[in-house]
Amino acid sequence: MAPIRSSSPGLRRPTDFTSMSDAERDQWISAAVADMRGDDPHAADRAVERMQGLMRTIEGTGDARHYSPALAHMRKHINAVCGAIAALVQWAYTTENTDVTLEPALHRIRRDAVGLLLDIFTERRLALWVPQPAIQTLLQELVQRLVDPLLSPTSRARDAETALPSGAQLHKAINGVMVKILERADRTAVLVALVNLLDVATHAPVPNPPESVGDILRADMGDIVMRCLWRLSKNLPEDLRVQFGDYAAADVVPDHAACPRFGDPSRCQTIRIDAILLATHRFFRHTPNSEWHKRENKEKWTSGDLPKRTVKTISHTFAIELHGLAWQFVGLIVREVMREQPALLTQPPTSDLRVAAWADEMHLKLSGASEAWEYLARALQTAGGEHDRPTPSQMLAAFHAAQTDESDDDPVADTMSVRSPALSGSSSVHAESQPPPPYSPVQPPRTLYQPTSEAKRARSPAGSDTYAPAPLRPAGSSLDRLRALRERIGGIRPPATSTLREPVSSVSPPISSVSPPLRGAEPEPQSSAPQSSTSQSPAPAQAQSIDDIKQRIALMRNSLRSRK
């Protein structure tokens, strides 16, 4: 007799995944996510088990994993899956259970949910597809579990009577997941998430010795986050040499190297420097350098100003390894300053003779408005002194990047302003200019187990169910991009930067159509490009215009060299 199979796709076995239609596969994963977000511990336990079975089918497909339906659909739903796991972990560890019959299911959830995260981040092609908001939520939840007195065997707030019997083993498993995220996830998303977590953990000073359980937990949380940043900073110089070594003597880095494609497994160690510099800018805007000077005494304040020096080490590494190229990645800081102080900065002048003076003026204003900008300038001055400020062409390019629509940004940089709901109640500095209230990772009072959908949903730190990154800039032609650049900055002739050269596309293996769009996937039609007076001139005149721009930039550089 043939085996009986369930008619519901959500209840079919993971081994049947390849025989399902695309709609049934989506329904299968959505049903598992719904069960993990539900109120029934037994259903959530079975859903985690089904997802682990699906991950085993990905691991067993050998060289064909790039074309695996399970891998493609997991990529499509990875944001919802990671959000459901984070909510499940929080629910399983913070719920006071009064029904002894549910304790075995809760114990399996605590163990298997962490195991499922380990399976996801062990698969490199899947780990790189986890977006920055999901990385932020997962790291927030995992760090809180590592400092939880119920699990941590070394916590100063540990109570042996209330600690979980298997807390040490679960603590070790969570630590293993943290290591995998640091090694396998998108490097930019991890660095940005860690800087954000360090921001909320160290904004309020912790006295030495700590005066409350909240002080102990915040101090332990900051210590763990700093250790993670030290681990990544140790390999940061070598990663930068690999990514930018071919452009050490160039004035401009092309887009395919400066803005690596999100989720590309062949470029897992590449980073987006502009996104990280923006995170450091927000860190020092939230807790300025003057505040850190008050905490330098470690005998009075736990960790002293070590968090400040940890974040500054990242900017210092950029200055040492990239030298003058570091100024190519400050466009997001300029945009942030424009939002905070709209009347501070002025648009580029229309006269080429005034561009150098304008660039110097904007550099001084930005140094006063952004401590991250000021420190980068001082680090470059210490490193060599030749690149302590951006060149006029780099300043023009930064203003062009700042005035580019947010929808044109890379997914990693675009999602940095979106804090996870787990952090939204503790720190809104990355979404608003108002300073947030002090953050305390103390867990809420443990109450009786009440499996209601509203209560479970209120505790859920997950984001949206689908991940759809914003469309990226179309490649277009050089002349279209020249016209668009002139339109954005008010008719000023653009610098001879990478905005005038064709982007170099990197080849990646074909994946399912459910994957998010990649850079330059669909160029816009010619009619949608901004029109200017130059669009009416014939092609030879446009080519002469480009040559004229290059000559003017060369004369400008020679003039600057003669002044020195």
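**Entry 1. Helix H17**

I began with helix H17, in which Ala 372, Trp 373, Tyr 375, Leu 376, Ala 377, Ala 379 and Leu 380 are buried. I note that the model is a predicted one. I then checked the geometry of H17, which runs over residues 371-383: its 13 residues should span 18 Å at 1.5 Å a residue, and the end C-alpha atoms lie 18 Å apart, so the two values agree. I looked up what covers the buried residues of H17 and found that the cover includes helix H12 (273-286), H14, helix H15 (331-340), H16 and H18. Just after H17, I recorded a positive phi of about 85 degrees at Gly 385.

I next took Ser 315, which lies in helix H14. Its relative accessibility is 4%, so I count Ser 315 as buried. Leaving out residues up to four places away in sequence, I found Ser 315 touching Leu 277, Thr 280, Tyr 375 and Leu 376. Of these, Tyr 375 and Leu 376 are among the buried residues of H17.

**Entry 2. Confidence and overall make-up**

I then turned to the whole chain. The average pLDDT is 74, and 67% of the residues score at least 70. Over residues 407-479 the pLDDT is below 50, and this stretch has 174 contacts in the model beyond near neighbours in sequence. Residues 488-543 also have a pLDDT below 50, and I noted 109 contacts there beyond near neighbours in sequence.

For secondary structure I recorded 23 helices and 0 strands in the protein chain. Of its 564 residues, 53% count as buried. Among contacts between residues at least 6 apart in sequence, 77% join residues at least 24 apart.

**Entry 3. Aromatic pairs**

How many aromatic pairs does the structure hold? I found 6. In one of them, the ring centres of Phe 283 and Phe 284 are 5.2 Å apart and the planes stand at 90 degrees, so I list the pair as edge-to-face. Phe 283 has 1% relative accessibility and counts as buried; Phe 284, at 6%, counts as buried as well.

I also looked up Trp 358 and Phe 399: their ring centres are 4.9 Å apart and their planes meet at 65 degrees, so this pair is edge-to-face too. Trp 358 lies in helix H16 (residues 355-369) and Phe 399 in helix H18 (residues 392-402), so the pair ties together parts 41 residues apart in sequence. Trp 358 is buried at a relative accessible area of 5%, and Phe 399 is buried at 0% relative accessibility. H16 and H18 are both included in the cover of the buried residues of H17.

Finally, I noted a cluster in which ring pairs link Phe 283, Phe 284 and Trp 292.

Helix H5 (residues 103-122) has 20 residues and reaches 29 Å from first to last C-alpha, close to the 28 Å expected at 1.5 Å a residue. Its buried residues include Leu 106, Ile 109, Arg 110, Ala 113, Leu 117 and Ile 120. Why do residues three or four places apart point the same way?

The charged end of Arg 110 sits over the ring of Tyr 93, 5.9 Å from its centre. I found another such arrangement at Arg 75, which lies over the face of Trp 129 at 4.5 Å from the ring centre.

**Entry 4. Two polar contacts**

I looked up Arg 187, which lies in helix H9 (residues 187-202). At 7% relative accessibility, Arg 187 counts as buried. A polar contact of 2.8 Å joins its side chain to that of Asp 239.

Where is Glu 296 found? I located Glu 296 in the loop between helix H13 (289-293) and helix H14 (306-322). Its relative accessible area is 41%, and Glu 296 is partly exposed. The side chain of Glu 296 makes a polar contact of 2.9 Å with the side chain of His 293. Leaving aside neighbours within four places in sequence, Glu 296 is in contact with Gly 304 and Asp 305. From C-alpha to C-alpha, Glu 296 and Leu 306 are 8.2 Å apart in space, and they are 10 residues apart in sequence.

Definitions and conventions:
Residues numbered from 1 in each chain as written. Predicted model: local features only at pLDDT ≥ 70, side-chain atom pairs only at ≥ 80, totals over all residues. Heavy atoms only, no water. Helix = DSSP H or I, 4+ residues; strand = E, 2+ residues; numbered from the N terminus. Expected span 1.5 Å × (residues − 1). Buried < 20%, exposed > 50% of the residue type's maximum accessible area, 1.4 Å probe, protein only. Phe/Tyr/Trp six-rings, centres within 6.5 Å; stacked < 30°, edge-to-face > 60°. Lys NZ or Arg CZ within 6 Å of the ring centre and 35° of its normal. Contact = heavy atoms within 4.5 Å. Polar contact = N/O pair within 3.5 Å; in protein donor to acceptor, adjacent residues only side chain to side chain. pLDDT = per-residue confidence, 0-100.
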